[in-house]
Amino acid sequence: MSEFNHFDENGNAVMVDVSGKEPTSRTAIAQGSIRVSEEILQAVLEQKVKKGDVLGVARVAGIMAVKQTSSIIPMCHPLMISKCSVDFQVFPDEQRIQATCTVKVEGKTGVEMEALHGVSAVLLTIYDMCKAIDKRMVLQDIHLVEKTGGKSGKFRF
């Protein structure tokens, strides 16, 4: 296992120094799901939720979260995001909506946290917009699917 690099020699938390690294093309894909009631799933798909277009608003929330990750996660570097997309897949038999957040950057550090933060915000937004119908939704399986770039090359979960 590698050493933790968010601590200095005195054990103080620090942001990793990436000044000596060369920028590379980096991508991260994160996924997560929300289990909902049949009533919520129908309302979302038929766009009958009182707060509006749930998946459209959740997509925007995810993109906004990606751009603000360094403001929320203390040791993340602010990044100039090149691309961010949020896609949905609905599994009616499981009463589940899956969100996928893809983030790209040309930079000195990866975008895994941005993708994970983005997909988390997407799911939280779905919850927020649908909680008046039923609060028993479950966010689950938020994870990194794939990352490319940097010294570790490609990783696929």
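Is Glu-46 buried, exposed or partly exposed? Glu-46 has a relative accessible area of 42% and is partly exposed, where buried means under 20% relative accessible area, exposed means over 50%, and partly exposed lies in between (1.4 Å probe, protein chains only). This is a predicted model, in which local features need pLDDT of at least 70 and side-chain atom pairs count only at pLDDT 80 or more, whereas totals for chains, interfaces and linings use all residues. Residues are numbered from 1 along each chain as its sequence is written, and side-chain values use heavy atoms, with hydrogens and water left out.

The chain has four helices and five strands, where helices (H or I, at least four residues) and strands (E, at least two) are DSSP runs numbered from the N terminus. Read from the N terminus, these elements follow the order β-α-α-α-β-β-α-β-β. The C-alpha atoms fill a box of roughly 55 × 30 × 30 Å along the principal axes, and 40% of the 157 residues count as buried. Among contacts, that is, heavy atoms within 4.5 Å, those with a separation of 6 or more come to 70% from residues 24 or more positions apart. The accessible surface is about 9300 Å², with 54% belonging to carbon and sulfur atoms; such areas come from the Shrake-Rupley method with a 1.4 Å probe, and for residues only the protein chains shown count as cover.

The interior can be approached through its nonpolar core, a term for a set of buried Ala, Val, Leu, Ile, Met, Phe, Trp, Tyr and Cys residues joined through side-chain atoms within 4.5 Å. The largest such core has 30 residues, and Val-44, Ile-126 and Cys-130 are those with the most contacts inside it. Two or more residues each are given to this core by strand E1 (24–35), H1, H2, strand E2 (81–91), strand E3 (96–107) and H4, and H4 gives the most, with seven residues. In soluble globular proteins, nonpolar side chains tend to be buried together. Leaving aside residues up to four places away in sequence, Cys-130 touches Ile-40, Val-44, Val-49, Val-54 and Met-137.

An α-helix has 3.6 residues a turn, so residues three or four places apart point the same way. Just after H1, Gln-47 takes a positive phi of about 50°.

The charged side chains come next, with a salt bridge taken as a side-chain nitrogen of Lys or Arg within 4 Å of a carboxyl oxygen of Asp or Glu. By this rule the count comes to six salt bridges. In one of them, Glu-46 meets Lys-48 at 3.5 Å, N to O, and Lys-48 is exposed, with a relative accessible area of 60%. In another, Asp-128 and Lys-51 meet at 3.7 Å, N to O. Asp-128 lies in helix H4 (residues 112–130) and Lys-51 in the loop between helix H1 (38–45) and helix H2 (54–67), so this pair ties together parts that are 77 residues apart in sequence. Asp-128 itself counts as partly exposed, at 33% relative accessibility. A further salt bridge joins Arg-136 and Asp-134 at 2.9 Å, N to O; Arg-136 counts as exposed at 69% relative accessibility, whereas Asp-134 counts as buried at 11%. Through salt bridges that share partners, Lys-51, Asp-128 and Lys-131 are joined into one network.

Strand E4 (residues 138–148) holds Leu-139 and also Val-138. Val-138 counts as partly exposed at 40% relative accessibility, and, not counting residues up to four places away in sequence, Val-138 touches Ser-33, Ile-34 and Arg-35. The C-alpha atoms of Val-138 and Gly-32, which are 106 residues apart along the chain, are separated by 11 Å. Leu-139 counts as partly exposed at 31% relative accessibility.
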